[in-house]
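Hi,

Here is the model I said I would pass on.

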Amino acid sequence: MTFVTPEPPMALLAELTHRCPLACPYCANPLELERSSTELDTATWKRVLSEAVSLGVLQVHFSGGEPCARRDLLDLVAHAASVGLYSNLITSGVTLDAASLERLASAGLDHVQLSFQDSEAEGGDRIGGYRGGHARKLAVSALIRAAGLPLTANFVVHRHNLARLPDMLALGEQIGASRIEIAHVQYYGWGLVNRASLMPSLAQLETANVEVDRARRELAGRITIDYVVPDYHAARPKACMGGWGRRIMNITPSGKALPCHAAETLPGFDFPSVREHSLAAIWREDTGFARFRGTAWMPEPCQSCDRREIDWGGCRCQAFALTGDAAATDPACVLSPDHAVMAAAVAAAAADPAPLVYRRIGAAVPVT
Ligand code: SF4
Ligand code: SF4
């Protein structure tokens, strides 16, 4: 394989742990959750953060699972600040309190992204599988602002809560978020397991699109709204992770480096560990990172398409999950020969919504 020296990644997604008090049935974590005994230690994470800066990374997103489950989170935030990384904490918030937020802010944390499962307690606690979680998040949102930290409110939307989208947007404004992220469930990992239960109808999606447009107009200049739409109703795919091996590097709790958080689902890859390799060597030389980088690997119709450097052929993990071929054109694209599988999945979900399977370590058990 010929290696072309890639531009440095912009961001590092540091999945510190897969432990989480919640059990969202659309969690982006893999079905095989990593146990705490396999997690990287503090010294290795600090080395990784320092190497990220040397490689040219600008931002670190501390994620999980629930990153606050790591006892050394404060230490890692302080280290990120000391080496000049902009740091974002992606959290469910339920274990945070005023003292811990003040310590994180003092250590140099730059931003918090707080996830909500709904606009109200009943739906939120049910989807998160955590009683009292929604009320806790409301309290924590005020503590985040009191600690002087900028706040993004993240709402994952699906069939069960899309009707409350206007309330979610209002809640984001009410709690002082500077950014609201409305993200439709992405159907990988646990989301794919629960696709039949979570998939919205086309009518729900169209109503949501109108609502987001309205809110964007009303909140312009005050609150930024990010909107992540579901691929299954789309005509063109998204540029997954900004393109394979282009913008983001993902590190799992045990130290595996991935071009995207679902890449471990692809067969035939042996992704390297940061325990044995530097970030620079992985980014520049690993054959797995190089495999779908750029456009040379693309089949038709992508190869001769004028969008090939816009969406980079879509998502490799979705292509594999739905066609069995990771190098296929993403079926989200209307030009894909496999595009019909998307409409078939939407129709199947409408005809037979399945019970939810909650994200838990060990056997996945349907919850009715
Ligand atoms: S999606 Fe839910 S279960 Fe998964 S890490 Fe986030 S809060 Fe935890
Ligand atoms: S053919 Fe390929 S590059 Fe063109 S829009 Fe579809 S997925 Fe994107």
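**What I found**

Let me start with one pair in the sheet: Glu15 has Ser63 in S2 as its bridge partner. This is a predicted model, where local features need pLDDT of at least 70, side-chain atom pairs count only at pLDDT 80 or more, and totals for chains, interfaces and linings use all residues. Residues are numbered from 1 along each chain as its sequence is written, while chains are lettered from A and ligands numbered from 1 in the order in which they are written.

That pair belongs to the 5 bridges that join strand S1 (residues 11-15) to strand S2 (residues 59-63), and the two run parallel. Helices (H or I, at least four residues) and strands (E, at least two) are DSSP runs, numbered from the N terminus, and two strands pair if DSSP finds at least two bridges between them. S2 also pairs with strand S3 (residues 86-91), in the parallel sense and over 4 bridges; there, Val60 has Ser87 in S3 as its bridge partner.

Two right-handed β-α-β units show up here: S1, helix H1 (residues 42-55) and S2 make one, and S2, helix H2 (residues 73-82) and S3 make another. Right-handed means that, with the strands pointing away from the viewer, the path from the first strand over the helix to the second runs clockwise.

Zooming out, the open sheet has 9 strands in the order S7-S6-S5-S4-S3-S2-S1-S8-S9, with mixed pairing. Strand S7 (224-228) and strand S9 (257-258) are the edge strands, each pairing on one side only. Further along, strand S4 (residues 111-116) runs parallel to S5 and is joined to it by 5 bridges, with Asn154 in S5 as the bridge partner of Ser115.

Ser115 turns up again around ligand 1, where the shell also includes Cys20, Cys24, Cys27, Gly64, Gly65 and Arg359 (a residue is near a molecule if its C-beta atom, placed from the backbone, lies within 6 Å of it). Two of those glycines deserve a look, as the peptide bond from Gly64 to Gly65 is cis, with omega near 10°. Gly65 sits in the loop between S2 and H2.

As for ligand 2, 14 residues surround it, and the closest are Cys302, Cys305, Arg307, Arg308 and Cys333. There is a cis peptide bond from Glu300 to Pro301 too, with omega near 10°, and Pro301 is in the loop between helix H11 (287-291) and helix H12 (316-323).

The loop between H11 and H12 also holds Trp312, which has a positive phi of about 55° although it is not a glycine. Is Trp312 buried or exposed? Trp312 is buried, because 26 other C-beta atoms lie within 10 Å (the cut-offs are 20 or more for buried, 12 or fewer for exposed and partly exposed in between, with C-beta atoms placed from the backbone). Met241, in the loop between S7 and strand S8 (248-251), has a positive phi as well, near 55°.

Lastly, Ala196 lies in helix H8 (residues 195-198) and counts as partly exposed because it has 17 C-beta neighbours inside 10 Å. Ala196 and Leu356 are 160 residues apart in sequence but 8.8 Å apart in space, C-alpha to C-alpha.

Cheers
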